[in-house]
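Me: I would like a close look at one part of this protein, the place where its aromatic rings pair. Please set that part within the whole before you turn to the details.

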Amino acid sequence: QVQLVESGGGPVQAGGSLRLSCAASKYTVSSNCMGWFRQAPGKEREGVATIDGRGSTGYADSVKGRFTISKDNAKNTLYLQMSSLKAEDTAMYYCAARYDGNSYCPTWLRAAFTYWGQGTQVTVSS
């Protein structure tokens, strides 16, 4: 019955910023590995950022220095702060979480993530 609900996507100009949110229910954000993935039309879903149960983060090279993943444990919510957005960031962005009890984030192992949100579209205009 775990649910992940993304919000915050939309159209944005190149160079602009957006903050995506992922509200979790029936799941504890603080103690588990969670991540953000994205998928552009005709392309495979790719990992963007992860954060583990200790707060350690990892980023794809393409977003390093521009995106920040974080948790607000009090709100049981995962965030992705995106800045200096580029046209190539255009994609459907998905929140993902490992099965409850898994604090460790395996690097870019999509199959390790059990729960997925419905996605929120980010469209960056050049």
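**The aromatic pairs and their setting**

Reply: The protein has 11 strands and zero helices, and this description rests on a predicted model. Read from the N terminus, the elements run β-β-β-β-β-β-β-β-β-β-β. The radius of gyration is 13 Å, close to the 14 Å that the globule rule gives for 126 residues, so the protein is as compact as a globular protein of that length. Taken along the principal axes, the box that the C-alpha atoms fill is roughly 40 × 25 × 25 Å. Of the 126 residues, 47% count as buried, and among contacts between residues at least 6 apart in sequence, 60% join residues that are at least 24 apart.

Against that background, the part you ask about can be taken up. The structure holds five aromatic pairs, one of which is formed by Tyr27 and Tyr115, an edge-to-face pair with 5.8 Å from centre to centre and 70° between the planes. This pair links distant parts of the chain, since Tyr27 lies in the loop between β3 (18-25) and β4 (34-39), whereas Tyr115 belongs to strand β10 (residues 113-116), and the two are 88 residues apart. Tyr27 and Tyr115 are both buried. Ring pairs also bring in Tyr99, so that Tyr27, Tyr99 and Tyr115 are linked into a cluster.

Two residues in other loops deserve a careful look at the backbone. Most residues other than glycine have a negative phi. Asn76, however, has a positive phi, near 55°, and this residue is found in the loop between β7 (67-72) and β8 (77-82). Because its relative accessibility is 18%, and buried means under 20%, Asn76 counts as buried. Ser84 likewise has a positive phi, in this case near 50°, and its place is in the loop between β8 and β9 (91-98). With 42% relative accessibility, Ser84 counts as partly exposed, so Asn76 is buried while Ser84 is partly exposed.

Terms used: Residues numbered from 1 in each chain as written. Predicted model: local features only at pLDDT ≥ 70, side-chain atom pairs only at ≥ 80, totals over all residues. Heavy atoms only, no water. Helix = DSSP H or I, 4+ residues; strand = E, 2+ residues; numbered from the N terminus. Rg over C-alpha atoms; globule rule 2.2 N^0.38 Å. Buried < 20%, exposed > 50% of the residue type's maximum accessible area, 1.4 Å probe, protein only. Contact = heavy atoms within 4.5 Å. Phe/Tyr/Trp six-rings, centres within 6.5 Å; stacked < 30°, edge-to-face > 60°.
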